[in-house]
Amino acid sequence: MRSCAYCDANAIYRDRESGAYLCPFHSRLEVIGPRGGAPRPPLTIRPATPADRTRIAELADYFWGEVEIECFGRSYQVDALPAYVACDGDEIVGVASYAREGDAVNLVTLNVLPRWQGRGAARGLIAAVTEVARAEGAKRIIATTTNDDLPALGLYQRLGFTIMGVLVGRLLEHHGGAEPGFAGIPVRDEIQMELRL
C-alpha cells in the first residue's frame, strides 16, 4: 500500500505512463489509446478463506477508510462477507465481496491495488461473482459506485452493467459533507448499477 506521489493520501490509482501512484484528487482523466509493452502474467482469482479476512479488512480500510460499507440502503461488514480475492503469488492485491439480496447478488466491494491494476483482476473478480450468482439462481448482479469514479463507471458499463438509479446527495449524507474524488470531482451521489443475468 502506498501514498500518493503528491500528498500523504492513500494511492487509489496508478498512472500507466509515469508509474506514479495517485490519490483520487491528483488523478486526471485522459483519452488515450492502448499502450504497448510485454503482457504481464494474469493474477490468480480464488475464493476467500477465513484466513484472508484480516487482509480484506485492510483493503477496505485502505480504499474506503472503513470496513463497514453502506450501499443499497444496507450496511455490510466487508470482512464477514463471502468474497473472491485476486492474488499475485501469495499476496492478496484485490477483492470483490458480495451478498445475496433477494433475486440479486450485491457486489459490495470491488478493489484492486494500483500496482496491479490493468492486469484483468477486476474483470476476473466480477466474472467469479457472476458465476456464483448464476449458480445460486440470481437474476442480476447489483453494484454501486460514486458519481466521481469514472474508471469504475467505465468498467461496469464495458462489462454490461447499466445504471438503474442515482441517489443524489447520498454520499454527502453518509460522510457529512463533500469529499474530493477522482480528478477533483466532489463525491456526492451513489450510482446504482445492475447486470441482468
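Which residues form a nonpolar patch on the surface? In this predicted model, the patch consists of Ile 163, Val 166 and Val 168, which together have about 290 Å² of accessible area. Patches are made of residues with over 30% relative accessible area and no salt bridge, with nonpolar side chains (Val, Leu, Ile, Met, Phe, Trp, Tyr) joined within 5 Å and like charges within 9 Å. A salt bridge is a side-chain nitrogen of Lys or Arg within 4 Å of a carboxyl oxygen of Asp or Glu.

The model is predicted, with local features requiring pLDDT of at least 70 and side-chain atom pairs counting only at pLDDT 80 or more, while totals for chains, interfaces and linings use all residues. Residues are numbered from 1 along each chain as its sequence is written, and side-chain values use heavy atoms, with hydrogens and water left out.

Val 168 is located in the loop between β10 (162–167) and α4 (170–175); helices (H or I, at least four residues) and strands (E, at least two) are DSSP runs numbered from the N terminus. Val 168 counts as exposed because its relative accessibility is 67%, where exposed means over 50%, buried under 20% and partly exposed in between (1.4 Å probe, protein chains only).

A positive surface patch is formed by Arg 2, Arg 14, Arg 16, Arg 40, Arg 115, Arg 123 and Arg 158. Lys and Arg count as positive and Asp and Glu as negative, whereas His and the chain ends are not counted. The place of a charge is taken as NZ of Lys, CZ of Arg, CG of Asp or CD of Glu. Arg 123 belongs to helix α2 (residues 121–135) and is partly exposed, at a relative accessible area of 43%. Helix α2 also contains Gly 124, which is partly exposed at 22% relative accessibility. The C-alpha atom of Gly 124 is separated by 9.5 Å from that of Val 85, 39 residues apart along the chain.

Asp 52, in the loop between β3 (44–47) and α1 (53–64), is buried at 7% relative accessibility.

Most residues other than glycine have a negative phi. Phe 72, however, has a positive phi of about 50° and lies in the loop between β4 (68–71) and β5 (74–77). Ala 183 likewise has a positive phi, near 55°. Ala 183 occupies the loop between β11 (179–180) and β12 (186–187) and is partly exposed, with a relative accessible area of 26%.

Terms used: Areas by Shrake-Rupley, 256 points an atom, 1.4 Å probe, with all protein chains shown as cover.
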